[in-house]
Amino acid sequence: MTTAHPSTAPNQESARSDGRGSAPPSPPSGRRSNRWPRRIAITLAVLGALACAAWLGLRWITPYPYSGTVMQAPTAAPSMDGLVLSDGTPLDIADFDGELLLVYFGYTSCPDVCPTTLSQVAAARRRLGGDADRVQLLMISIDPERDSLDVLGDYVTSFDPSFIAATGDLPDVERVAAQYGIFFAKGEALGDGYAVDHTATLMGIDPDGHLRIIWPAQLDVERLAADFDELL
Amino acid sequence: MTALVACLALFGGGCGGDDEPALLVDDGVAVVDAWVRPSPPTVDDAAFYISLELRDGADTALLGATSDRCLVIQPHATAIDDAGVASMGEALDEQLRVTADHDLEMEPNGTHLMCLGLTEALSEGEEIVVTIDLDGHDPIDVPVSVESRI
C-alpha cells in the first residue's frame, strides 16, 4: 500500500497536466460558453449608453433647428403704443410677458395669405395641449380704414377664440409696422375694394419680451408647433 | 359619354357615383381638388382652390368661373417675394393652362379663384357649386367643399 502512492501520484499529476494542455474538463468549458450571452448583452448595453450620451451631447451643443429665422442678438420688442385692442383697451405688449406673443400684420379682407397663416397658427397652437394657454396670437390690422375694432375681434376669434387683434390710426399703424420691419401699401383694386400688399411674415416675441424669431409666410404646422414648444 | 368612359378607365368605379365625389373628369380634364375655407364673419371675399389636371384630350385653359354664391369670380395669384411681401393680382394666362406638362394647381399663397362679394356666408361642411369655363369645353359644375383645411 505504501508503494502505491509513489507509483500512482506522478501518473495522476501527469494526467492533470495533460488535461490542462489538451482537453479541458467539461465544467469550466460550459461556464465560458455561458458567459458569451452576458458579455454580448453588456457590450450592447454599453454601446447603447454611449449612443444615448452622444445623442444627448449633440442635442446639447447643436442649436435647435427652428423653421423661422432666429435673431442672433434678440432685442426688446418695439413698443406698440398708440394701438388699441379690439375690446377698446390700449395695447401694451408688456402685458404679455411670460407668454409667447405671436405678431402678425394683416387685414380682414385678405382672402388668401392671412386666413392661411391664421389657420396654421391656430392648428399649431392646438398641438401644444396645456401649453397653448401661453401662446398668444396678436393680429395688427394694416387696413384701419376698413377694419373697425368690432370687425377685427369677430374676424380673429373665428380662427381661434384666444386670438386677439389691434389697430389704430394709420400713422400709428405705420410707425409700429416700420419698427417691426413690416411693409404695407394699397395694392390692386378688387371689385369695389382693394388688396393690401404687405409683409406676410409671423413674428415671435419670447416670454422675456424679446423679438426672437421671424417665420416666413409658408409655414409647416408641425414644425411651427415644435418651435412654439421650444420657445416656451 | 366620353367623360364617363374616361372616368371609368382612369378611376374604375370610384368616381361619379360617390356621395362625396373627390373629383370628376370632363373630356380628359380631371378636377382633382376643390375647396374653400369657411368665411369669417364680416368678410365678403373668399379664395376658392380648384385644381385641374389633363388626363387625356386636348390642352386647355381656365377662362373664368361663376357661382351663385359670388357676385364676381376672378382667377388670381398671390406672389410672395424674397422679402416676404405678399401681393395679389389677376393670374397670368400661363398660370391658367391645363396641359400635359402643366397642371393647374390652386393652393393657399398661390393661384386661386377670387370670390369678390359673397352672396351668403360659407359654412363649414357645406358644399357649393362653382361653374368653371374651360377653353373648348362646355361649362363644368364643380362641387366645392367648405372646410377648415390648413
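Which residue of strand 7 of chain A stands opposite A:L190? The residue is A:G193. This is a predicted model, in which local features need pLDDT of at least 70, side-chain atom pairs count only at pLDDT 80 or more, and totals for chains, interfaces and linings use all residues. Residues are numbered from 1 along each chain as its sequence is written, while chains are lettered from A and ligands numbered from 1 in the order in which they are written.

**Confidence**
- The mean pLDDT (the predictor's confidence in each residue, from 0 to 100) of chain A is 86, and 85% of its residues reach 70 or more.
- Residues 1-23 of chain A have a pLDDT below 50, and this stretch has one contact in the model beyond near neighbours in sequence; contact requires C-beta atoms, placed from the backbone, within 7 Å.
- Where pLDDT is low, predicted coordinates should not be read in detail.

**Strands 6 and 7 of chain A**
- Helices (H or I, at least four residues) and strands (E, at least two) are DSSP runs, numbered from the N terminus.
- Strand 6 and strand 7 of chain A pair in the antiparallel sense over five bridges; pairing requires that DSSP finds at least two bridges between two strands.
- These two strands form a hairpin with two residues between them, and A:G191 in the turn has a positive phi of about 55°.
- Strand 7 of chain A is largely enclosed by the rest of the structure, because five of its seven residues are buried (20 or more other C-beta atoms within 10 Å of a residue's own, with C-beta atoms placed from the backbone).

**Interface with chain B**
- The two chains meet through 29 residues of chain A and 26 residues of chain B.
- Helix 3 (113-126), helix 4 (149-157), strand 6 (184-190) and strand 7 (193-199) of chain A each supply at least two residues of the side that touches chain B.
- Helix 3 of chain A gives the most to that side, with six residues.
- Strand 7 of chain A also runs antiparallel to strand 6 (residues 85-90) of chain B, joined by two bridges.
- In strand 6 of chain B, B:V85 is the bridge partner of A:T199, and B:A86 is that of A:H198.

- A:V156 is found in helix 4 of chain A and is buried, with 27 other C-beta atoms within 10 Å.
- Leaving aside neighbours within four places in sequence, A:V156 is in contact with A:L118, A:M139, A:F163, A:I164 and A:A165.
- The C-alpha atoms of A:V156 and A:T108 are separated by 8.4 Å, although the residues are 48 apart along the chain.

How values were computed
Buried ≥ 20, exposed ≤ 12 C-beta atoms within 10 Å, placed from the backbone.
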